[in-house]
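Hi everyone, thanks for coming along. I'd like to walk you through one structure today, so let's get it up on the screen.

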Amino acid sequence: MTDTQESQEKHVTGATIWLTGLPSAGKTTIAYELAGRLRGEGHRVEVLDGDEIREFLSAGLGFSREDRHTNVQRIGFVAELLASNGVKVLVPVIAPYEDSREAVRKRHAGEGTPYVEVHVATPVEVCSVRDVKGLYAKQAAGELSGLTGVDDPYDEPKNPDLRIESQNQTVQESAATVHALLTERGLA
């Protein structure tokens with residue numbers, strides 16, 4: 001195989017990279033930074049943003065355990081479909097329950113599609129200061145309940161493929177760490 005053929009083959013190998021973590025952990029920011037880097041290298045990339053999915057694919061779902069599970073399964077299905085067709089799919093979605101994330105991982109394994117779980121392990125204290133969407137403030141004021149990691153459970157991944165503590169590095173460094181793992185696995 002020539003270097004050009006090998007390079008082209010790498011660019012058509014899809015994968016799902018799921019970034020899980022608390023609200024305001026930095027998942028989406030890291031995903032978009034990584035997406036730009038991957039696109040710059042010639043990869044086909046899609047970001048399945050949790051907020052956009054909620055609005056378009058999972059409209060009508062609430063935040064009960066069952067609805068959150070359904071949301072994660074829908075996202076997992078779309079991610080696997082895209083990844084199996086050569087797209088690097090970045091999924092910055094909380095996915096608070098271990099069993100939901102495991103079901104997505106098993107779907108990918110069953111289809112032979114690469115799957116990487118990245119835990120953006122930003123502590124709740126840091127997330128509540130960042131409070132990108134004002135969720136922590138609303139929860140503290142009694143205007144919101146069921147906030148993941150505060151008054152609703154978040155099952156931290158026991159064995160993620162990568163754990164990032166975004167409070168200790170820049171967005172670029174976080175994205176570079178994920179990129180390095182993808183490179184190590186032949187996915188970037």
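Let's begin at valine 178. In this predicted model, and leaving aside residues up to four places away in sequence, Val178 touches Ile17, Leu34, Val118, Leu162 and Ile164.

What does Val178 belong to? It is among the residues with the most contacts inside the largest nonpolar core, together with Ile17, Leu90, Val118 and Leu182. That core has 28 residues. Helix H2 gives the largest share, with 5 residues. There is also a second, separate core of 14 residues, and Val87, Val89, Val93 and Val104 are in it.

Now stay on helix H8 for a moment, and find serine 174 there. Is Ser174 buried or exposed? It counts as buried, because its relative accessibility is 1%, under the 20% cut-off. Again not counting residues up to four places away in sequence, Ser174 touches Ile30, Ile164, Ser166 and Gln169.

Last stop, the largest pocket. Its volume is about 840 Å³, and 37 residues line it. If you want to find the centre, look for Pro23, Asp51, Ile94, Lys133 and Leu135, which lie nearest to it. Helices H2, H3 (50-56), H4 (65-83), H7 (135-140) and H8 each give two or more residues to the lining. H2 provides the largest share here, 4 residues.

Conventions
Residues numbered from 1 in each chain as written. Predicted model: local features only at pLDDT ≥ 70, side-chain atom pairs only at ≥ 80, totals over all residues. Heavy atoms only, no water. Core = buried A, V, L, I, M, F, W, Y, C linked by side-chain atoms within 4.5 Å. Buried < 20%, exposed > 50% of the residue type's maximum accessible area, 1.4 Å probe, protein only. Contact = heavy atoms within 4.5 Å. 1 Å grid on protein atoms, 1.4 Å probe; cavity = no way out; pocket = protein on both sides within 12 Å on 5 of 7 lines; lining within 4 Å. Points joined across faces, edges and corners; volume = space filled by probe spheres on them.
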